[in-house]
Amino acid sequence: MVIKVFLASSSGSTAIKKKQQDVVGFLEALRVEYDPLDIACNEENRMWMRQNVPEEKKPANGIPLPPQIFNEESYCGDYDTFFDAKEDNSVFAFLGLPPPPGSKEAAQADKAHIVTNGNHVEEMNGDLEDTIEVPLEERNGDAHVEEEGEVAEGENADDEAMEEETEGDEAPADEEEAVEETDEVTEVTQAHAEEEEQDEADDDREEEDLQSEEEEELRQLEEEEEAEVQEEEEGDLEETQEEEAE
């Protein structure tokens, strides 16, 4: 399976350049082999990318911007979906590749497998405990059980008192930690939202630039065609004049 990354080598957008560098740099860090395909210098690559990005994944104007990622002919996603997979440590799943042994993604997969089968493990452990446990009365006799019960009641009372004191001390600390965690989450969310807004603005500018480039190319082609037609007409006129002169 070959990972294809469609890029624009001569893009004038700083945001697109940064996104392309992030994707390529992370793939190289993970030692994932990929094939970079330039859409700026190769019209065939550009048309293939536009035709194979699903309609529901295209922007409002219908023109998807690089980077776009494919696994062979299968569409993986754009920068935003790649970034989400990166944050979730699921890049290999995003690419449709098996995670390498020892990676974080492989560890998460193993943990998920253990959680999935956790009920079965707990049932087995419960059966073992029931099998091994021996009633206290049979081991120590009634008198010894009563003494242990009294000692246990005293210890439980002391433990409850200690727990109440500890809970009273830990409650403010827990509240402070919760507030700090909430502040951190809020800051990260705001930073991500600001980055997305900036990226959207850059994308809009890039779309306008691409449209302007395409319009300029069409205008140049029309001018060239008009010039060729005019040259042909002038040539025909000269031939006609020469024939009349003869």
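Modeller: Keep in mind that this is a predicted model. Let's start with Lys18, which has a relative accessibility of 44%.

Biologist: What makes Lys18 and Asp22 a salt bridge?

Modeller: Their closest N and O atoms are 3.2 Å apart. The cut-off is within 4 Å, so the pair qualifies as a salt bridge. Both residues sit in helix H1 (residues 14–29), and being 4 residues apart, they are separated by about one helical turn.

Biologist: How many salt bridges are there by this rule?

Modeller: The count comes to 3 salt bridges. Another of them joins Lys4 and Glu73, with the closest N and O atoms 3.6 Å apart. Lys4 lies in strand S1 and Glu73 in the loop between strands S3 and S4, so this pair ties together parts that are 69 residues apart in sequence.

Biologist: How do you know whether Lys4 and Glu73 are buried or exposed?

Modeller: By setting each value against its cut-off. Lys4 has 16% relative accessibility, under 20%, so Lys4 counts as buried. Glu73 has 52%, over 50%, so Glu73 counts as exposed.

Biologist: And what makes Lys58 and Glu55 a salt bridge?

Modeller: The closest N and O atoms of Lys58 and Glu55 are 3.1 Å apart, and within 4 Å is what the label asks for. Lys58 is buried at 17%, whereas Glu55 is exposed at 60%.

Biologist: Let's turn to the rings. How many aromatic pairs are there?

Modeller: The count comes to 7 aromatic pairs. One of them is Phe6 with Trp48, at 5.4 Å centre to centre and 15° between the planes.

Biologist: Why is the pair of Phe6 and Trp48 called stacked?

Modeller: The angle of 15° is under 30 degrees, so the pair counts as stacked. Phe6 is in strand S1 and Trp48 in helix H2, 42 residues apart. Phe6 is buried at 1%, while Trp48 is partly exposed at 23%.

Biologist: Which residue lies over the face of Trp48?

Modeller: Lys4 does, at 4.9 Å from the ring centre. Trp48 also belongs to a cluster that ring pairs build from Phe6, Trp48, Phe70 and Tyr75.

Definitions and conventions: Residues numbered from 1 in each chain as written. Predicted model: local features only at pLDDT ≥ 70, side-chain atom pairs only at ≥ 80, totals over all residues. Heavy atoms only, no water. Phe/Tyr/Trp six-rings, centres within 6.5 Å; stacked < 30°, edge-to-face > 60°. Helix = DSSP H or I, 4+ residues; strand = E, 2+ residues; numbered from the N terminus. Buried < 20%, exposed > 50% of the residue type's maximum accessible area, 1.4 Å probe, protein only. Lys NZ or Arg CZ within 6 Å of the ring centre and 35° of its normal. Salt bridge = Lys/Arg side-chain N within 4 Å of Asp/Glu carboxyl O.
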